[in-house]
Amino acid sequence: MSNLKRIGIVLAVVAVVAAVAGSFKGSDVMDRAIILGMGVDLSDDGGVVLTCEVVSPGNGTEQVGTFSKIVSVVGETINTAIQNVAEVTGKEASLGQSVVLVLGQEYYEKVDFSDLTEYFINHHSFKESAVICCCEGDAKSLFNSGNALTQSMSIAISTALLDQAEKIAVPNNSLLQYARSQNELDRTGFLNRIKFVPSENTDSSLPDKQMGYIGYREICIFRANRYVTTLSEQQVKGLSLFLPDVYGETFVSFEDIVTRTVQVTDKKVDLKPDGGGGFIIDLDITVRYGRTDSEEVSGPITAKNNTEIPQKVLDDVTGQARYVAEQYLSAQVEYNFDLLDFHEMYRRKEGSSNALATKPMQDFPVRLSVKINES
Amino acid sequence: MKDRVNIDQLALLYLLLIMGGKFLTLPSLLAGDVGHDSWLSVAFAFVWDGVCLCFLLWAIRINDRSRLDISGILDKSLTKPISKLIMCIFFVIFILRINILLSDCYKMFSVTFDVSTNWIVYILPVILLTFFAVYRGFNAIARTGQLLFGLILIAVVALLVSPLTETDFGELLPIGEAGWDKIMLASFTRSFWFSDYIFMYFVLDGIQIKKHVFSPILISFAIGAILSILLNAIFVALFGYLAPDFDMAMSKIGVFSAASTTNGRWDWLTLSVWLISVFIKVVVFAFCAYKCIEKIVGGNFVKFNWAAAATISVTLLLPMFVSTDTLLDTVIKWGVIPFTLVQYLLPLCMPLLTKTAQRKTEVQSEQS
């Protein structure tokens, strides 16, 4: 090959590469309003108020990193509201990094938000594993309370519900699990209900600064994306006893004149059909005195301790556990929702059918046995 | 000979090809057909593939003595017109599969990586890469596959780990709820996505057999089948009623974990690495399409044939005029029957055809 030919090929390749590279329209990170979390409220005209926590990478004097700002926009639908974010921020809204979606109280209590769930579940960027929850009051106020926290509000909510909730006996949910629960079988599911809890300001250098934390011990029940009820703390505690991956329930008992706190460190939940249309639930719960400041090693293959919890305390805890479990089960029948997958268990045996999907919870009688062991 | 390939390279390349195409639109299509039983359809399709692959490997072993190429075998055993007809069917399969793969990747770039461009600019580098590989010969493609194999396999495993921990495989019960006839039918109607071994027809004369023929390729096949079935099972178990709507399975599964948002987006990195296997598949199929043209026109392209390359390049403009859905509902839906001839019937006959061709070649050489 002559030198001239080689030079020609190199020039042709350079020209093609330049043309191709120049034709790809990528979104520069500088041009994007990266949304970490969103809150949805009902607007006065029946549309939505969308509050976003936005990280807007920039240069010069703009803040970067985890510093974020709260932006609120109004839209006829969630789609138009997200488009309006671009108008307010001057940048294209990007949902790929969103970790949380919060529904305001008025919104979730009054509206059938199936379209909102469908929008986010089918969104190409928004992750199905993101946290979805509802909140006390409006979501806008919640996000604007972020200054009281030492970190981003969205990250704080996500960390609380994804990482911490299961360790303090609060079940959690992702968008995917929630969306499926509202469209499959009995179409009931739950969302964690969070709230901003103000706390005393002990920082003398910033006396006017609001302080607080995120509370997340409540749960709301939904059927086909419509609000049904809110479970009490006792009922949530009862629900968590039935969930094998949720730990940390605490029970307080009195041993003579001493108050003792025991904590659930392991459990076996044997939930099976009884053959007559109902269920047998055997709860085998392992507890120990709550004395550590970190999550304790638990499970069936851990070393055993010498017995130190008196039988009287164990009996007392058994009674308490049975009480909260029954509280939950009666709520399940009263409001006709199914978080323990009774319908799903029958589906796995018999397949899907309309008769199964519409079967009320009172048609699933439950025989409950609770056993408390010391680890 | 620049198209030579040894059995180990062939095995690794085959595994890359299995992983390269079945993790895009296929899982959602199957979920639409048979719901949570889609993994069974995949398993059945792999059973047929496994049987046919064994026959094809048998033919490869027989062919080691004479090293005939595919058209040499078909010309001598089935006559030239039938041979050319088969090559035409192969050409259509390869072109359609390349187009479907490229369309899926185009969509993935657009929605997952947020990079968009027009179709011509998108396929231009792919065409350049493809024909550079064709020019260098199959050996270069096989060695590239060998080089990148480890990385791609790690990426695939990494992509599956996070959703695997979230998956409740009890969702797949009851097994066979959709009906075994529907499950079998789905594995047939979606067979277009299977039988990746068909590329081996076009390197028959270049395969160098040292000792084992069956074991390396069957091990690759088994790993590929397990990963594909597992991915399908995870996909339908995880997404339930939503699975038919999520047309980019690997994109949905790969960037599933919300934790990666706070821990760093390694999921995009692994997804990008896995995408290399799709492009290797495109290159291999383009090589096969190029060989098809060679066999159809009856020549032997000693030098790079620009006309053949141009023909293939033009066919890659198809998605500009016909959507993927239209292709699936028309050409591919009705093409399944002729495609089955070369995907399933031909490999079953290959040992016999190879022996016949060998015998005829020997008779001819004796006569001459």
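Tutor: Let us start with one pair: Asp270(A) stands opposite Asp282(A) in S13(A). This is a predicted model, in which local features need pLDDT of at least 70, side-chain atom pairs count only at pLDDT 80 or more, and totals for chains, interfaces and linings use all residues. Residues are numbered from 1 along each chain as its sequence is written, while chains are lettered from A and ligands numbered from 1 in the order in which they are written.

Student: What makes S12 and S13 of chain A paired strands?

Tutor: Strands pair if DSSP finds at least two bridges between them, and 11 bridges join S12 (residues 258–273) of chain A to S13 (residues 279–289) of chain A, which run antiparallel. A strand is a DSSP run of E of at least two residues, and a helix one of H or I of at least four, numbered from the N terminus.

Student: Why is one side of S11 and of S14 in chain A left without a neighbour in the sheet?

Tutor: The open sheet has the order S11-S12-S13-S14 (chain A); S11 (250–255) and S14 (366–374) of chain A each have a single partner strand, so they stand at the edges.

Student: Why are H2(B) and H9(B) called oblique to each other?

Tutor: Angles under 35 degrees count as roughly parallel, over 145 as roughly antiparallel, 65 to 115 as roughly perpendicular and the rest as oblique. Helix H2 (residues 26–34) of chain B and helix H9 (residues 214–239) of chain B pack at an angle of about 60°, and they are therefore oblique.

Technical notes. Axes fitted to C-alpha atoms, helices over the stretch in contact; angles between N-to-C directions.
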